[in-house]
Amino acid sequence: MTAVTIATIGGPRLTMGFDRFDRIDLDRHRALHGALPTPDLEELLKITEAVDLRGRGGAAFPFARKLMAVASRVRSAGGDAELWLPGAEDDRDGSEAVVVVNGAEGEPGSQKDKVLLTRNPHLVLDGAQIAASALGTRDIVVAVESGAAARAVRTALAERRMDAEIVRLPERFISGESGAVVRAVNGQIPIPPGRKVRAAESGVDGRPTLLSNTETFAQLAVLASLGPDLYSTAGTDSEPGTTLLTIGGSTVVEVPLGTPLSTVFAECGVEPGQGVLVGGYHGEWITPDAARSAVVSRAGFKAVGGSLGAGIILPLPEGTCPLREVARIAAYMAGQSAGQCGPCRLGLPDLYRSLENLVDGSGTPEQVRRAAAVGRGRGACSHPDGTARFALSALTAFAADIETHRLNGTCNQPCFGVLPLPVPTGGEAKVTIDWSRCQGHGLCAYLLPELIQLDRYGYPVVLNTEIPTWMETDANRAVAMCPALALRLTPTMTKPTRK
């Protein structure tokens, strides 16, 4: 995991003890947070509704509604549509619930969940146990991408003498999508299922599944420990509590909801720069002025045209070309799709091309809007919609830069690549052309339309991005079938030796 700085504004809750201990073991955790609370389902529903606890993974879905949906499904599976409550006669048929901690944090700009899982996994496990106990189950799964997180959770489970399953997910942007997580736990390929299946109705092994984000379970543990009244002493009346933000990809800060974003920036020593991306790579760009007036909350970010999402805040510093930075991320997002639907396979590369045209001054914002509209609402998951939202918001935030590129073909600023992307792990390759051989047959564009288009003379124009895993077979076939032997797969770096 990248070295992360931890900060707090106001009294720490989720990050309590982080200033003193690199890792909080069970004894320290109990000293800091007290004994594990055991509210029954009815009480848990009441306290989560009282503070309107929302998921912290991006969608901000009300936790009480999700909990109610799972409990109702458990009860109806036993032949009675009424909500099962602890203490009621239990005639369930064995279709018990499963609790899944979604620790996938595939977005490069986010570190908060990794910090929680590695620094104090006991707080997260407390939340999972509280929910599982209220639902009458012991089946808990922790899905993680990071090896460090998996080791920390495994150590914590041993300290608690607690049974729970740990499932490793690939470190990809879409790994955290709920359907992809359920498929991974079920031993299937971890990609979105392509159709809407609610985990509460049919999740792990087809059972009712309570699936929520790492921070959500940590917040649940804090809420159950403090009670709604004390919990609400931080935050706003409509959005009580604290939240975790990842600033600039390397600082995790716990702040009370309602804190001015300018206060957070001052604490972290950053400036709004040329613009601020809020909500991550499925979020929106806001202007520096909007960032200075923004308040950290769902309502506060909505008021300035952004969204809180998973708490990812990425200021774009001065000195780097905004349009090249945006196009660079769009290329990454195109390669991060599951490749199972047209809006991702073809739509996202086209969106990237339209942004590259803005960079060299040959394109227009309208071309970007058309490319973004192709897949809207038609994808197998939210990836094409989220990527389109990211690109479209850039048109407003960087309108002056777009005009400068249109007039001059450049803004005379280099691209320093300041927006975080994963460090390549080796084996990545790009499609390249040996122009001394290319004869413009055009077969490569037919075989690999996602990466190659033909110019007006019939010669290939190659997308400057790594080949996604799902496209490797088609890319190799295109290379093998090139009549002039001009197509190449060029490694982007040497694959390291694994120890």
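Two strands are taken to pair if DSSP finds at least two bridges between them. Strands (E, at least two residues) and helices (H or I, at least four residues) are DSSP runs, numbered from the N terminus. Under these terms, strand β1 (residues 5-8) and β7 run parallel and are joined by four bridges. The model is a predicted one, in which local features need pLDDT of at least 70 and side-chain atom pairs count only at pLDDT 80 or more, while totals for chains, interfaces and linings use all residues. Residues are numbered from 1 along each chain as its sequence is written, and side-chain values use heavy atoms, with hydrogens and water left out.

The pairing of β1 with β7 belongs to an open sheet of six strands, whose order is β1-β7-β6-β10-β8-β9 and whose pairing is mixed. Because β1 and β9 (284-286) stand at the edges with a single partner strand each, one side of each is left without a neighbour in the sheet. From one strand to the next, the twist averages 25°; for this angle, axes are lines fitted to C-alpha atoms (for helices over the stretch in contact), and angles run from 0 to 180 degrees between N-to-C directions. Strands of a sheet pair through backbone hydrogen bonds, either parallel or antiparallel.

Within this sheet, β7 can be followed residue by residue. Strand β6 (residues 242-247) runs antiparallel to β7 and is joined to it by six bridges, with T243 standing opposite V255. The two strands β6 and β7 form a hairpin with three residues between them, and G248 in the turn has a positive phi of about 65°. Strand β7 (residues 251-256) is largely enclosed by the rest of the structure, because six of its six residues are buried; buried means under 20% relative accessible area, exposed over 50%, and partly exposed in between (1.4 Å probe, protein chains only). Both faces of β7 are covered, with T251, V253 and V255 buried on one side and V252, E254 and P256 buried on the other.

Further along the order of the sheet, strand β8 (residues 275-278) pairs with strand β10 (residues 312-316) in the antiparallel sense over four bridges. Here V278 has I313 as its bridge partner in β10.

A second open sheet has four strands in the order β4-β3-β2-β5, with parallel pairing. Its edge strands are β4 (165-168) and β5 (209-213), each of which pairs on one side only. The twist in this sheet averages 20° from one strand to the next. Strand β3 (residues 140-144) pairs with β4 in the parallel sense over four bridges, and A143 stands opposite V167 in β4.

Most residues other than glycine have a negative phi, and most peptide bonds are trans. D52, in the loop between α2 (41-50) and α3 (63-77), has a positive phi near 50°. With 29% relative accessibility, D52 counts as partly exposed. N412, in the loop between α16 (399-408) and β11 (429-433), has a positive phi of about 65° although it is not a glycine. N412 counts as exposed, at 69% relative accessibility. V418 lies in the loop between α16 and β11 and is partly exposed, with a relative accessible area of 36%. The C-alpha atoms of V418 and G249 are separated by 9.8 Å, although these residues are 169 apart along the chain.

The cysteines can be considered next. A search of the whole structure finds zero disulfides, a disulfide being a pair of cysteine sulfur atoms within 2.5 Å. For C411, the closest cysteine sulfur is that of C321 at 3.6 Å, too far for a bond. C411 is buried, with a relative accessible area of 16%, and C268 counts as buried at 19% relative accessibility.

On a 1 Å grid over the protein atoms alone, a cavity is a set of points where a 1.4 Å probe fits but cannot get out, and its lining residues have an atom within 4 Å of a point. Grid points are joined across faces, edges and corners, and a volume is the space filled by probe spheres set on the points. The largest cavity has a volume of about 100 Å³. Of the 15 residues that line the largest cavity, C438, H441, G442, C444 and C482 are the closest to its centre. The lining of the largest cavity divides into ten nonpolar, five polar and no charged residues, where Ala, Val, Leu, Ile, Met, Phe, Trp, Tyr, Cys and Pro count as nonpolar, Asp, Glu, Lys and Arg as charged, and the others, Gly among them, as polar.

Notes:
On a 1 Å grid over the protein atoms alone, a cavity is a set of points where a 1.4 Å probe fits but cannot get out, and a pocket is an open set with protein on both sides within 12 Å along at least five of seven lines; lining residues have an atom within 4 Å of a point.
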